[in-house]
Amino acid sequence: MKSALVVFPGTNRERDAERALTLVAGAKVTKVWHSETELPSQTDLVVLAGGFSYGDYLRCGAIAARANVMAAVQAHAKRGGLVLGICNGFQILCEAGMLPGVLVRNAKLRFVCREVRLRVERADTPFTRAYRKGEVLRIPVAHGEGNYTADEETIREIESEGRVAFRYARPDGEIDETDGPNGAINGIAGIYSETHNVLGMMPHPENYIEPAIGPTDGRGLFESLSSAFKAA
Ligand SMILES: NC(=O)CC[C@H](N)C(=O)O
């Protein structure tokens, strides 16, 4: 699997993403600077890593969404190519209009850096096939603007189309809307595009992949990508 890892000024999780992609998914990773207008040929997966692109000015991801490289990322997604946006990457995908809705400031107006529980809403996508539906994962978050919201009709649409990827949950799997890290509507932690080839999520699966460091619940996402790619 060939993966393009897009880097903007202020991205800071690209090494973590690269490590997970190579170590767990066995991907060949090429870093792509934001000013590029093309992706490396035969890119299978585009990853937008976490961080503070353009210092989070205006709104997280708003400036990065207008970078040169984003036209190529959009074209890749339109062709059915896989795109994964983690944290700031999710914010960029929303700001670019590739995913609906927006990430606004955390309800308690504080940066939250801690482990959360995530419920896997479906296990039949290229990003989640190594998990079980309803499985509860331990994954860390680190963000100030992770409060997912959208107008009522959009929320109805993404809910009825099965486009919620993960929700903040309690250990027993109950949705954690009030005690969640950021106040996201319906506990939404990640969503898919209409055709499920684009995933944006606030938590960082790339940071929970190595037993020497801690929990490894993030591995499933990278294992899923590698197995989906082999099957294709
Ligand atoms: N870890 C990250 O990607 C940070 C995301 C974003 N800059 C925020 O604080 O909301």
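How many nonpolar, polar and charged residues make up the shell around the ligand? The shell has four nonpolar, six polar and two charged residues. The model is a predicted one, and the residues around its ligand are Gly50, Gly51, Phe52, Asp56, Cys60, Cys87, Asn88, Ala142, His143, Gly144, Glu145 and Gly146.

The sheet comes next. Nine strands make up an open sheet with mixed pairing, and their order is E2-E1-E3-E4-E11-E10-E9-E6-E7. The edges are taken by strand E2 (28-33) and strand E7 (136-143); each has a single partner strand, so one side of each is left without a neighbour in the sheet. On average, and with direction ignored, neighbouring strands of this sheet are turned by 25° against each other.

Nonpolar side chains tend to be buried together in soluble globular proteins. In this model the largest nonpolar core has 71 residues, and Leu5, Val6, Val47, Leu93 and Leu118 are those with the most contacts inside it. Strand E9 (residues 164-169) supplies the largest share of this core, five residues. Valine 47 is in contact with Ser3, Leu5, Ala17, Leu21 and Leu84, leaving aside its neighbours within four places in sequence.

Technical notes: Residues are numbered from 1 along each chain as its sequence is written. This is a predicted model: local features need pLDDT of at least 70, side-chain atom pairs count only at pLDDT 80 or more; totals for chains, interfaces and linings use all residues. Two strands pair if DSSP finds at least two bridges between them. Helices (H or I, at least four residues) and strands (E, at least two) are DSSP runs, numbered from the N terminus. Axes are lines fitted to C-alpha atoms, for helices over the stretch in contact, and angles run from 0 to 180 degrees between N-to-C directions. A nonpolar core is a set of buried Ala, Val, Leu, Ile, Met, Phe, Trp, Tyr and Cys residues joined through C-beta atoms within 7 Å. A residue is buried if 20 or more other C-beta atoms lie within 10 Å of its own, exposed if 12 or fewer, and partly exposed in between; C-beta atoms are placed from the backbone. Two residues are in contact if their C-beta atoms, placed from the backbone, lie within 7 Å. A residue is near a molecule or strand if its C-beta atom, placed from the backbone, lies within 6 Å of it. Ala, Val, Leu, Ile, Met, Phe, Trp, Tyr, Cys and Pro count as nonpolar, Asp, Glu, Lys and Arg as charged, and the others, Gly among them, as polar.
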